[in-house]
Amino acid sequence: MIAGVDLIRYGNGLGRIAMARPGGKLADLQPKQVMNVLAETGFLLFRGFDPSLEEFSDFVRAHSDKVTLDPARTFFGGNVAQKVDAGTEALGLHIENGNSPFVPTLTWFLCEKAAKSGSQTTVCDGYAAWERFSPQAKRAFKEQDIVYTRRVSEAMWKAFTQFQLEGVKDVEDITVHDVQSLATGPGHTTFHVDEDGYLTYAYRTPAVHSTLFGRRQSFANSMLGPSYNYEPPKITFADGSELPEWLWDEVRDVTESVTEEINWVDGDVVLVDNTRAMHGRRAVLDTDRSIYNSQSYAAAHLLNALGNQFGACTTEVLSAVPA
């Protein structure tokens with residue numbers, strides 16, 4: 001229950017629409033109640049509140065200990081919301097920053113202006129997906145973690161690190177040890193900085209895992225995710241072997257079978273449990289649209305009120321050239 005809204009089932013999944021009552025504002029909603037419902041549903045669509053960018057930012061902050069960023073995007077209306085600008089092609093299902101050790105626990109969207117056609121955001125419940133995998137696929141993912149290996153330019157990894165350190169160091173003083181200290185996603189990460197300043201990381205993590213709100217296993221990862229502003233990562237099993245094509249096919253088929261589409265309405269806000277539900281996008285057919293995104297870490301006091309914990313990662317530096 002969330003006081004001040006009517007909860008309506010969204011599609012065939014567990015997601016809910018939180019429909020505003022007359023005069024309702026996002027600021028009126030109780031964060032503990034919002035998080036309690038999110039724990040059950042995986043994602044929430046808030047409709048009828050029509051918030052400003054500032055009101056959306058305040059709503060994100062009310063549920064978060066920290067806001068993170070994509071260094072390839074620009075902030076609007078403060079330091080919380082960034083414009084979604086990842087081209088016009090369809091985007092595969094993923095968790096935000098799931099192919100890196102910097103995985104936020106919450107993902108947020110604000111639709112300022114909806115497209116007249118196409119560009120629906122897709123949401124896939126990782127609980128439902130995992131239940132549909134074949135025994136052979138489940139065995140493959142349980143026996144081995146997956147590894148994302150990627151190179152990131154010096155400008156991007158240093159901008160990200162400086163923001164996360166809240167500006168306590170100048171960009172030119174940021175080192176690989178600083179970025180290592182921020183690796184918060186579940187898993188194990190190695191880092192290496194080349195002489196040209198590029199950072200290469202190898203992030204090892206389970207494809208299926210427990211979530212922010214419990215131990216139930218969820219298939220939530222970025223195996224199908226986009227790389228619009230970055231070099232695509234190489235994805236392998238932990239032993240370095242390639243994932244077989246039959247497994248890739250099953251991942252695509254199973255996740256699509258439990259995917260819901262969000263048909264945006266002006267003023268909609270969406271909150272996604274980034275440890276449980278993957279999201280993506282259908283192709284953009286109408287480019288006259290405006291959607292903002294935010295990434296954050298759920299407030300500890302709200303999680304503690306629900307009696308939840310989220311595991312930490314371990315990291316190491318294999319080798320590094322001082323940056």
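This is a predicted model: local features need pLDDT of at least 70, side-chain atom pairs count only at pLDDT 80 or more; totals for chains, interfaces and linings use all residues.

Biologist: How many helices and strands does the protein chain have?

Modeller: The protein chain has eight helices and 20 strands. Of its 323 residues, 52% count as buried. The chain exposes about 13,900 Å², and carbon and sulfur atoms supply 49% of that area.

Biologist: What share of the contacts in the protein chain joins residues at least 24 apart?

Modeller: Taking contacts between residues at least 6 apart in sequence, 79% join residues at least 24 apart.

Biologist: In what order do the four strands of the open sheet lie?

Modeller: The order is β7-β18-β9-β16, with antiparallel pairing. The edge strands are β7 (91–94) and β16 (259–262), each of which pairs on one side only. From one strand to the next, the twist averages 20°.

Biologist: How many bridges join β7 to β18?

Modeller: Two bridges join β7 to β18 (residues 277–281), and these strands run antiparallel. Histidine 94 has histidine 279 in β18 as its bridge partner.

Biologist: Which strands does helix α7 lie across?

Modeller: Helix α7 (residues 245–257) lies across β7, β9 (121–125), β16 and β18, and runs at about 55° to β16.

Biologist: Where else might I look at a pair of strands?

Modeller: Consider β13 (residues 208–211) and β14 (residues 214–219), which run antiparallel and are joined by three bridges. These two strands form a hairpin with two residues between them. The bridge partner of threonine 211 is glycine 214 in β14.

Biologist: Which residues touch the most other members of the largest nonpolar core?

Modeller: This core has 42 residues, of which Phe133, Phe141, Phe191, Leu199, Phe219 and Met223 touch the most other members. Helix α7 gives the most to this core, with four residues. A second, separate core of 32 residues includes Ile2, Val34, Val67 and Leu110.

Biologist: With which residues is leucine 199 in contact, leaving aside its neighbours within four places in sequence?

Modeller: Leucine 199 is in contact with Arg150, Arg151, Val152, Trp157, Val176, Val179, Phe191, His192 and Val193.

Biologist: What is a disulfide, and how many does a search of the whole structure find?

Modeller: A disulfide is a covalent bond between the sulfur atoms of two cysteines. A search of the whole structure finds zero.

Biologist: Are cysteine 111 and cysteine 124 buried or exposed?

Modeller: Residues under 20% relative accessible area count as buried. Cysteine 111 is buried because its relative accessibility is 1%, and cysteine 124 is buried because its value is 0%.

Biologist: Why does arginine 132 count as exposed?

Modeller: The cut-off for an exposed residue is over 50% relative accessible area. Arginine 132 counts as exposed because its relative accessibility is 51%. This residue lies in helix α3 (residues 126–132). Not counting residues up to four places away in sequence, arginine 132 touches Val254, Ser257 and Val258. Arginine 132 and valine 254 are 122 residues apart in sequence, while their C-alpha atoms are 6.5 Å apart in space.

Biologist: Is phenylalanine 237 buried or exposed?

Modeller: Phenylalanine 237 is buried, with a relative accessible area of 7%. Its place is in strand β15 (residues 234–237). Beyond residues up to four places away in sequence, phenylalanine 237 touches several residues, among them Ala140, Ile146, Val147 and Leu247. The C-alpha atoms of phenylalanine 237 and glutamate 143 are separated by 9.6 Å, although these residues are 94 apart along the chain.

Biologist: Where do aspartate 50 and serine 119 lie?

Modeller: Aspartate 50 lies in the loop between β3 (43–47) and α2 (53–62). Serine 119 is in the loop between β8 (106–113) and β9. Serine 119 counts as buried because its relative accessibility is 2%.

Terms used. Residues are numbered from 1 along each chain as its sequence is written. Side-chain values use heavy atoms; hydrogens and water are left out. A disulfide is a pair of cysteine sulfur atoms within 2.5 Å. Buried means under 20% relative accessible area, exposed over 50%, partly exposed in between (1.4 Å probe, protein chains only). Two strands pair if DSSP finds at least two bridges between them. Axes are lines fitted to C-alpha atoms, for helices over the stretch in contact, and angles run from 0 to 180 degrees between N-to-C directions. Contact means heavy atoms within 4.5 Å. A nonpolar core is a set of buried Ala, Val, Leu, Ile, Met, Phe, Trp, Tyr and Cys residues joined through side-chain atoms within 4.5 Å. Accessible areas come from the Shrake-Rupley method with a 1.4 Å probe; for residues, only the protein chains shown count as cover.
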